[in-house]
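User: I have a new structure to look at and would like to go through it step by step. Could you have a look with me?

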Amino acid sequence: MKTRSTHVIAAWVLSALLSAVAARAATVTVGDYAALTNAIAVCADGDTISLTTNITVYAELSITTKGLTFEGNHHTISVPVPSLDESGVMHRSAPSDFRVFYVSSGGRTNTIRNLTIKGGSPASEGGGISNVGGTLVLEGVTVTQSGGPDYGGGGIANGSGTLFMRDCMISRNIAKDGGGFHNIGAGAKIFVERCTLSDNRCMSGWGGGAVENGSALYVNNSTFAANECNELGGAINNVGGIAYFVGCTFVGNMASGNHEGGAIAHNGGNVTLVNSLFAYNYHNSDGTYLLNDITSYSGT
């Protein structure tokens, strides 16, 4: 039979263990590229890297074996020449040919908070961030001016990992497909809450001015505005994936060319919409603008 002393001892042991874990976690402040790369290399699992200023990076930041927290303190990490300028126009000079973050920490969680990310135009998916394993949490993060016309996921590419986005802004990114982000890969999942995806562009390819989804996507209380695609889905192109939208707003998105879906193009899989608002979404056919919210080519 358990006694009171047994419970007291158990509580003391648990408290000691929690204190030991907390004591092991460290916070490292960084103010330049060298300090940032050194912190990523030497920090232990569970540590926090805190920015004190804006930082320009000169190579991709790769996190492959640990789970870290990046506290941006409302600063910016940028490549030397982002893909787009502040107005969303491609830079005339060659943009940097690498992204900011590459995350492949299987079985671990990495968190980025209160940070603006400006990426380049790498020769693979994900102009700002590529998440290919483990769990990535974005809170209060802006991803902008990233991507290029030849690869998918202008702002973010989620391959086989799990991505949580809360209170984020994904704006003014470009890609071949999934201008804001794409979610394609075995087991890939994205959960989006209270986010805004605006002014993203899909140049060609499969589609999705803001999002190309071929896996599992869950979106709550978020806004898709003024995104544009030259093919399928001004805001969303669902390609055999599962997508849920609850309490979302789709406004001012446009699909151009021979394919429709001013806000959403549905190509297989399942799309569920609950309490969502659609307004002023268009299909542009050779200069003729027609109101067009959802076009379903296949699926339910």
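User: Is Glu-139 buried, partly exposed or exposed?

Analyst: Glu-139 is partly exposed, because its relative accessible area is 24%; buried means under 20% relative accessible area, exposed over 50%, and partly exposed in between, with a 1.4 Å probe and protein chains only. This is a predicted model, in which local features need pLDDT of at least 70 and side-chain atom pairs count only at pLDDT 80 or more, while totals for chains, interfaces and linings use all residues. Residues are numbered from 1 along each chain as its sequence is written, and side-chain values use heavy atoms, with hydrogens and water left out.

User: Which side chain does Glu-139 meet in a salt bridge?

Analyst: Glu-139 meets Arg-113 at 2.8 Å, N to O, where a salt bridge is a side-chain nitrogen of Lys or Arg within 4 Å of a carboxyl oxygen of Asp or Glu. The pair links distant parts of the chain, with Glu-139 in strand 7 (residues 129–139) and Arg-113 in strand 6, 26 residues apart; strands are DSSP runs of E with at least two residues, numbered from the N terminus.

User: How many salt bridges does the structure hold?

Analyst: The structure holds eight salt bridges. One of them joins Lys-118 to Glu-86, with the closest N and O atoms 2.9 Å apart. Lys-118 is in strand 6 and Glu-86 in the loop between strand 5 and strand 6, 32 residues apart. Lys-118 counts as buried at 16% relative accessibility, whereas Glu-86 counts as exposed at 52%.

User: Switching topic, which residues touch the most other members of the largest nonpolar core?

Analyst: Leu-36, Phe-101, Leu-138, Met-165, Phe-224 and Phe-245 do, out of the 51 residues in that core. Strand 6 (residues 101–118) gives the most to this core, with five residues. A nonpolar core is a set of buried Ala, Val, Leu, Ile, Met, Phe, Trp, Tyr and Cys residues joined through side-chain atoms within 4.5 Å.

User: And where does Asn-281 lie?

Analyst: Asn-281 lies in the loop between strand 27 (277–279) and strand 28 (282–285), and Asn-281 is buried, with a relative accessible area of 0%.

User: What does the side chain of Asn-281 reach at 3.1 Å?

Analyst: At that distance the side chain of Asn-281 reaches the backbone oxygen of Phe-250, and at 3.0 Å the side chain of Asn-281 also reaches the backbone nitrogen of Asn-253.

Terms used
Helix = DSSP H or I, 4+ residues; strand = E, 2+ residues; numbered from the N terminus. Polar contact = N/O pair within 3.5 Å; in protein donor to acceptor, adjacent residues only side chain to side chain.
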